[in-house]
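Subject: Structure handover

Hello,

Here is the structure I promised to pass on. Please open it alongside this message; my notes follow below.

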Amino acid sequence: MMKPNARAAYLDASIATASPARLLVMLFDRLVLDVRRGLEAQRGGDVEETHKHLTHAQDILLELASSLRPEEFKGGYELASLYSFLHRQLVMANIHKDASITDEVLTLVTDLCETWRQAALQCATEQSA
């Protein structure tokens, strides 16, 4: 197992050298993980852990929304609306301690993550051809 400092250095290097598409997939991987952990904590009745994971997921969605340039591609404004919707849903799930909302968000972000992963793979394949 890697030591904490070695792990942090590896992660920093991975992020610094990742393509924009890979960074997006990494962000979505973390978003899915946070929502999943938040849901598990909600189901377990751990309010503090739920809050920690769901607010981190909200931060990721805000970052995704702020870095999005919706005018540059078809469907960009719809994607921005989706990010905003997911953020609001996570806020509501956290405030109302509603695991059913979190579960719905998890389904959506998992699907989005897989979509971005496939798009990144296709992009990488096209660039190497």
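Just after α4, K97 takes a positive phi of about 50 degrees. Please keep in mind that this is a predicted model. K97 is not a glycine, yet its phi is positive. You will find K97 in the loop between α4 and α5. Is K97 buried or exposed? K97 counts as exposed, because its relative accessibility is 54% and the cut-off for exposed is over 50%.

There is a positive phi just after α2 as well. There, G45 has a phi of about 80 degrees.

Now the overall layout. The chain has 5 helices and 0 strands. Along the sequence the pattern reads α-α-α-α-α. Of its 129 residues, 29% count as buried. The accessible surface comes to about 8400 Å². Carbon and sulfur atoms account for 57% of that surface. What share of the contacts between residues at least 6 apart in sequence joins residues at least 24 apart? The share is 63%.

Next, α4 itself. α4 has 21 residues, so at 1.5 Å a residue it should span 30 Å. Its end C-alpha atoms are 30 Å apart, which agrees. The buried residues of α4 are G76, L79, Y83, L86, H87, Q89, L90, A93 and N94. Seen down the helix axis, these buried residues fall within an arc of 160 degrees, so they line one face of α4. The other side of α4 has the exposed residues Y77, E78, I95 and H96. An α-helix has 3.6 residues a turn, so residues three or four places apart point the same way.

- Q89 is found in helix α4. Q89 counts as buried because its relative accessibility is 19%, and the cut-off is under 20%. Neighbours within four places in sequence aside, Q89 is in contact with I101 and V105.
- N94 also lies in helix α4. N94 counts as buried, at 12% relative accessibility. Leaving out residues up to four places away in sequence, N94 touches T50, H51, L54, T55 and Q58. The C-alpha atoms of N94 and K52 are separated by 9.7 Å. Along the chain, N94 and K52 are 42 residues apart.

Then the core. The largest nonpolar core has 22 residues. Which of them touch the most other members? They are L31, V35 and V109. At least two core residues come from each of α2 (20–44), α3 (47–67), α4 (76–96) and α5 (99–128). α5 gives the largest share, with 6 residues. Again a general point applies. In soluble globular proteins, nonpolar side chains tend to be buried together.

Apart from neighbours within four places in sequence, L31 is in contact with A57, I60, L61, L64 and V109. L31 is among the buried residues of α2.

How does the length of α2 compare with what its residues should span? The 25 residues of α2 should span 36 Å at 1.5 Å a residue, and its end C-alpha atoms are 36 Å apart, which agrees.

S19 lies in the loop between α1 (4–17) and α2. S19 is partly exposed, with a relative accessible area of 37%. The C-alpha atoms of S19 and A120 are separated by 9.4 Å. Along the chain, S19 and A120 are 101 residues apart.

Last, the cysteines. How many disulfides are there? The count comes to 0. C113 counts as buried, at 4% relative accessibility. C123 is partly exposed, with a relative accessible area of 32%.

- K97, for its positive phi
- L31, for its contacts with A57, I60, L61, L64 and V109
- N94, for its contacts with T50, H51, L54, T55 and Q58

Best wishes

Notes: Residues are numbered from 1 along each chain as its sequence is written. This is a predicted model: local features need pLDDT of at least 70, side-chain atom pairs count only at pLDDT 80 or more; totals for chains, interfaces and linings use all residues. Side-chain values use heavy atoms; hydrogens and water are left out. A nonpolar core is a set of buried Ala, Val, Leu, Ile, Met, Phe, Trp, Tyr and Cys residues joined through side-chain atoms within 4.5 Å. Buried means under 20% relative accessible area, exposed over 50%, partly exposed in between (1.4 Å probe, protein chains only). Helices (H or I, at least four residues) and strands (E, at least two) are DSSP runs, numbered from the N terminus. Contact means heavy atoms within 4.5 Å. The expected span of a helix is 1.5 Å times one less than its number of residues. The arc is that of the directions from the helix axis to the C-beta atoms. Accessible areas come from the Shrake-Rupley method with a 1.4 Å probe; for residues, only the protein chains shown count as cover. A disulfide is a pair of cysteine sulfur atoms within 2.5 Å.
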